[in-house]
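Let's take a friendly walk through a protein model together. Keep the picture in view as you read, and find each part as it comes up.

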Amino acid sequence: MRLRIGLILAVIMALAASGRTHAQRQYEPNFALGAKGGATLGLMSFSPAPKQAFTPGVTFGVVARYMEENHFGLIAEVNMTQRGWRENFEGAPFKYSRTLTYIQIPLMTHIFFGNRHVKGFFNLGPEVGYMLGSHISADFDYLNHASVPNFPGHNRVTEQMSMEISNKFDYGIAAGVGIEFVAAGRHSIFIEGRYYYGLGNIFPAAKRDYFSASRTMAIEATVGYMFKVK
């Protein structure tokens, strides 16, 4: 009886040791730090919707990434990002754009595939941010546009041009796709395209307010460098 118990325990221990060895072969976690920078195209989701177009901006920040050999990982970032919108006057000789500068922190799942030298990847997860500033660039008196000669105000939503920002906190969903090139084991360069859809409103959105939605959106294209710490 004791011999059988001893054999069973020996088998269990052998299987456990084998499982640990197999897990070590299958899952080799690594941690990397890096930086990135690039360009953005900002737009807003307004309701009611004014006539608008993308406005260009910049983004840059730092990246921390933890991933394992089973094609899964996590990414956390701290970025400075410009969003906003540009009014579309449909050929009329007027210009108006509003740039919103955020510090934003995405926390995303990182799914990757490929080989040791080239990897494709998907990133997806929530993001929170805080607006550091708002800058308006216009070539007319947008606070009194009704007095501007030939201003195309007929059937145009104009309240967003002069309204003050009431909510600087933002949150939303970010999703990206990209490719990473690995060199010398610890060094890599990646290229990513990302889309962000905000869920918070920058203007008041109660029933009595003019806008029921005023959410930021952005398309981002970045290049980054990662260094594998361990």
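Two strands count as paired if DSSP finds at least two bridges between them. Within this pairing, Phe-31 stands opposite Tyr-66 in E3. E3 is also joined to E4, by nine bridges, and these two run antiparallel. There, Thr-59 has Thr-81 in E4 as its bridge partner.

Before going on, a word about what you are looking at. This is a predicted model, in which local features need pLDDT of at least 70 and side-chain atom pairs count only at pLDDT 80 or more, while totals for chains, interfaces and linings use all residues. Residues are numbered from 1 along each chain as its sequence is written, and side-chain values use heavy atoms, with hydrogens and water left out.

**The whole chain**

The protein chain has two helices and nine strands, arranged from the N terminus as α-β-β-β-β-β-β-α-β-β-β. These elements are DSSP runs, numbered from the N terminus: helices are H or I with at least four residues, strands are E with at least two. Of the chain's 230 residues, 38% count as buried; buried means under 20% relative accessible area, exposed over 50%, and partly exposed in between (1.4 Å probe, protein chains only).

**Salt bridges**

How many salt bridges does a search of the whole structure find? The search finds nine, where a salt bridge is a side-chain nitrogen of Lys or Arg within 4 Å of a carboxyl oxygen of Asp or Glu. Here are some of them:

| Pair | N to O distance |
|---|---|
| Lys-36 and Glu-77 | 3.0 Å |
| Lys-51 and Glu-90 | 3.1 Å |
| Arg-194 and Glu-77 | 3.0 Å |

Look at Glu-77 in particular. Arg-194 forms a salt bridge with Glu-77, linking distant parts of the chain: Arg-194 lies in strand E8 (residues 187-198) and Glu-77 in strand E4, 117 residues apart. Salt bridges that share partners join Lys-36, Glu-77, Glu-192 and Arg-194 into one network. Is Glu-77 buried or exposed? Glu-77 is buried, with a relative accessible area of 3%. Lys-36 is buried at 7%, and Arg-194 is buried at 4%.

Now turn to the pair Lys-51 and Glu-90, whose side chains meet in a salt bridge. Lys-51 sits in the loop between E1 and strand E2 (52-53), and Glu-90 in the loop between E4 and strand E5 (96-114), 39 residues apart. Lys-51 is partly exposed at 35% relative accessible area, whereas Glu-90 is exposed at 55%.

**A nonpolar patch**

On the surface there is a nonpolar patch with about 1000 Å² of accessible area together, including Val-62, Val-78, Ile-103, Leu-124 and Phe-169. Patches are made of residues with over 30% relative accessible area and no salt bridge; like charges are joined within 9 Å, and nonpolar side chains (Val, Leu, Ile, Met, Phe, Trp, Tyr) within 5 Å. Which strand gives the largest share of the nonpolar patch? That is E6, with four residues. Val-78 is found in strand E4, and at 39% relative accessibility Val-78 counts as partly exposed.

Notes: Accessible areas come from the Shrake-Rupley method with a 1.4 Å probe; for residues, only the protein chains shown count as cover.
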